[in-house]
Amino acid sequence: MHDRRPGPLDRVRRTAARVRARGAGEILGVARGRVQEWVRSEDELIMLVREPSEPTPDFRHDPGLVFRGASPADGPLYAREIGTDSAATFGRRLTPTTNCFFAFGGDELLHASWVTTGAAWTREIDAYVVPPPGDAYVYESFTRPEARGRGVYPFALRGICEWAAEADVPRVWVAVESGNAPSLKAIRKAGFEPAYEMRYGRRVGRRSLVVDKPEGLVVPAVLRRVEG
């Protein structure tokens with residue numbers, strides 16, 4: 001099953017959860033940014049990849065971090081601490097092909113990342129990203145602001161790669177905006193290397209997308225819709 005684009009009711013539920021978790025101020029800031037993006041915007045997604053069987057480079061992180069997979073029972077925790085899903089929408093997104101992974105500091109949830117071997121709606125490019133058969137795609141990663149600088153994101157990515165190696169997943173992909181230098185640095189720390197770029201933009205709502213990939217490289221597909 002695919003992690004599909006949220007419908008109108010799910011968007012309402014997710015927005016309400018985000019307001020409760022992060023406050024109305026962030027939502028207003030996001031709304032202003034979305035309007036500006038709709039009118040005129042340009043950016044790039046850098047797609048990085050690594051083979052999970054390869055050793056992860058050493059990096060510094062908080063020694064108290066704990067990594068684990070999520071279950072539907074974690075919906076209230078996710079809604080309260082991360083806020084990009086309600087408890088109900090969180091549980092529905094977990095399927096045999098879509099997982100969510102957590103990083104904790106003690107009892108505190110510091111980070112969440114989603115991983116799929118199916119297809120994932122990616123808002124930036126207004127399309128689904130579908131990893132090559134057998135591969136996995138990491139997306140919608142969030143580290144709580146107060147935990148940044150503690151090596152949480154590369155720690156979570158290392159845990160995801162260990163899970164992928166046990167599941168015989170040959171490659172793991174992750175995308176990041178070109179202007180997000182801290183996230184790009186964290187992903188590189190976890191052993192990922194840039195593979196190609198996707199340039200995208202909008203002019204009064206009209207979306208453009210250009211994929212620059214090396215010849216012969218099998219990469220995730222970008223689809224406006226998915227079947228099944």
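Is Arg80 buried or exposed? In this predicted model, Arg80 is exposed, with a relative accessible area of 52%, which places the residue over the 50% cut-off. Its salt-bridge partner Glu81, with closest N and O atoms 3.2 Å apart, is partly exposed at 21%.

The structure holds 13 salt bridges. One of them links the side chains of Arg144 and Glu146, at 2.8 Å from N to O. Arg144 counts as buried at 14% relative accessibility, whereas Glu146 is partly exposed at 46%. Through shared partners, salt bridges connect Arg80, Glu81, Glu108, Arg144 and Glu146 in one network.

A further salt bridge is formed by Arg171 and Asp135, with a closest N to O distance of 2.9 Å. Arg171 is located in the loop between H5 and S8, and Asp135 in the loop between strand S6 (127-130) and S7, so the pair ties together parts 36 residues apart in sequence. Asp135 is buried, at 3% relative accessibility.

Strand S7 (residues 136-143) contains Thr143, which is buried at 12% relative accessibility. The side chains of Thr143 and His111 are joined by a polar contact of 2.7 Å. Beyond its neighbours within four places in sequence, Thr143 contacts Leu110, His111, Arg148, Val152 and Tyr153.

In helix H6 (residues 181-189), the buried residues are Ser183, Ala186 and Ile187. Viewed down the axis of H6, these residues fall within an arc of 100° and therefore line one face of the helix. Their cover includes strand S1 (40-50), helix H5 (152-166) and strand S8 (172-177). Just after H6, Gly191 adopts a positive phi of about 95°.

Notes
Residues are numbered from 1 along each chain as its sequence is written. This is a predicted model: local features need pLDDT of at least 70, side-chain atom pairs count only at pLDDT 80 or more; totals for chains, interfaces and linings use all residues. Side-chain values use heavy atoms; hydrogens and water are left out. Helices (H or I, at least four residues) and strands (E, at least two) are DSSP runs, numbered from the N terminus. Buried means under 20% relative accessible area, exposed over 50%, partly exposed in between (1.4 Å probe, protein chains only). A polar contact is a pair of N or O atoms within 3.5 Å; within protein, one must be able to donate a hydrogen and the other to accept it, and residues adjacent in sequence count only if both atoms are side-chain atoms. Contact means heavy atoms within 4.5 Å. The arc is that of the directions from the helix axis to the C-beta atoms. A salt bridge is a side-chain nitrogen of Lys or Arg within 4 Å of a carboxyl oxygen of Asp or Glu.
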